[in-house]
Amino acid sequence: MGLINEFLHSPEAKRVQHLQIGVTPKLDQSVGYDLSRLLALFEGKRLPSLKSLSLGDCFLFGCPERDSVFCKGYLGEITPIFTAAPRLEMLDLNGTFCLPAPVQHSKLREVAIEVEMVEAGDDCLTQWSMANLLRSQFARVEALSLVCLGKVQALLDLPADFNPSEGMPRLHQLHMDNLNRESAQRQAALQAFLLAR
């Protein structure tokens with residue numbers, strides 16, 4: 001917490017283009033990690049040069065192999081990221097998150113999400129947060145993916161009003177592997193449409 005807080009207040013924060021914030025392999029894997037207090041530090045901060053942000057991935061921080069420990073955690077509310085990094089192009093989320101309302105971002109091109117499981121609970125990915133992400137205004141997003149590792153506890157619905165032509169006009173790659181059967185069929189039809197247009 002102290003290290004990230006110091007960084008966000010430093011001159012380097014104005015110049016950094018690529019930022020990864022992960023967890024160490026010493027973490028108790030049975031518990032998972034909680035980065036919500038850390039993410040709250042982004043509120044009111046400015047990272048004007050940041051182009052890519054990876055949260056929760058500890059692969060480059062010493063873990064010997066990629067497994068579900070990378071995604072077994074809670075990132076907290078991600079809203080401050082979109083305001084803090086106006087030039088952000090790539091957002092990589094490794095863990096569940098909260099998005100209480102749709103957001104806008106004019107530069108974002110790719111959103112990649114990996115979670116260990118989807119289940120009920122305040123610290124787990126909810127239908128509400130995913131729907132708000134899909135209802136966001138991302139004028140330049142080309143790819144959006146959600147990969148769910150481990151045992152899926154609850155499947156999500158693709159929102160009935162999800163229309164990428166309105167909020168994500170450049171989207172051509174949509175992949176979500178934790179949808180119920182009806183939503184999975186809608187996603188397949190939508191992906192075919194996106195590739196054909």
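This is a predicted model: local features need pLDDT of at least 70, side-chain atom pairs count only at pLDDT 80 or more; totals for chains, interfaces and linings use all residues.

Residues are numbered from 1 along each chain as its sequence is written, and side-chain values use heavy atoms, with hydrogens and water left out.

A few words on terms: helices (H or I, at least four residues) and strands (E, at least two) are DSSP runs, numbered from the N terminus, and two strands are said to pair if DSSP finds at least two bridges between them.

Now back to β3, which covers residues 52–55. On one side, β3 pairs with β1 in the parallel sense over 4 bridges, and there Q20 stands opposite S54. β3 is also joined by 4 bridges to strand β5, residues 90–94, and these two run parallel; here the bridge partner of L53 is L91. Both faces of β3 are covered, with S52 and S54 buried on one side and L53 and L55 buried on the other, where buried means under 20% relative accessible area, exposed means over 50%, and partly exposed lies in between, using a 1.4 Å probe and protein chains only. β5 is mostly covered too, since 4 of its 5 residues are buried.

Moving on from β5, we find 5 bridges that join β5 to β8, again running parallel, and in β8 the bridge partner of N94 is E114. Strand β8, residues 110–115, then pairs in the parallel sense with strand β10, residues 143–148, over 6 bridges, and A112 has S145 as its bridge partner in β10.

What order do the strands of the open sheet form? The 6 strands run β1-β3-β5-β8-β10-β11, and the pairing is parallel. β1 (18–21) and β11 (173–176) stand at the edges, each with a single partner strand, so one side of each is left without a neighbour in the sheet. Neighbouring strands of this sheet are turned by 5° against each other on average, direction ignored; such angles run from 0 to 180 degrees between N-to-C directions, and the axes are lines fitted to C-alpha atoms, for helices over the stretch in contact.

Next comes helix α4, residues 127–134, which packs on the sheet and touches β8, β10 and β11, its direction making about 165° with that of β10. Contact here means heavy atoms within 4.5 Å. Is α4 largely enclosed or left open by the rest of the structure? It is largely enclosed, because 6 of its 8 residues are buried, namely S129, M130, A131, N132, L133 and L134. Among the elements covering these buried residues are β6 (96–98) and β9 (137–138).

M130 leads us to the largest nonpolar core, which has 53 residues, and in which F42, F97, I113 and M130 have the most contacts. A nonpolar core is a set of buried Ala, Val, Leu, Ile, Met, Phe, Trp, Tyr and Cys residues joined through side-chain atoms within 4.5 Å. Leaving out residues up to four places away in sequence, M130 touches F97, I113, L125, L146, L156 and M176. Of these, L156 is found in the loop between β10 and α5 (164–167), and at 4% relative accessibility L156 counts as buried. The C-alpha atoms of L156 and S183 are 8.0 Å apart, although 27 residues separate them along the chain.

Finally, let me turn to H105, placed in strand β7, residues 104–105. H105 counts as buried, because its relative accessibility is 4%. A polar atom of its side chain lies 2.7 Å from the backbone oxygen of A85, and the side chain of H105 also reaches the backbone nitrogen of K107 at 3.2 Å. A polar contact is a pair of N or O atoms within 3.5 Å; within protein, one must be able to donate a hydrogen and the other to accept it, and residues adjacent in sequence count only if both atoms are side-chain atoms.
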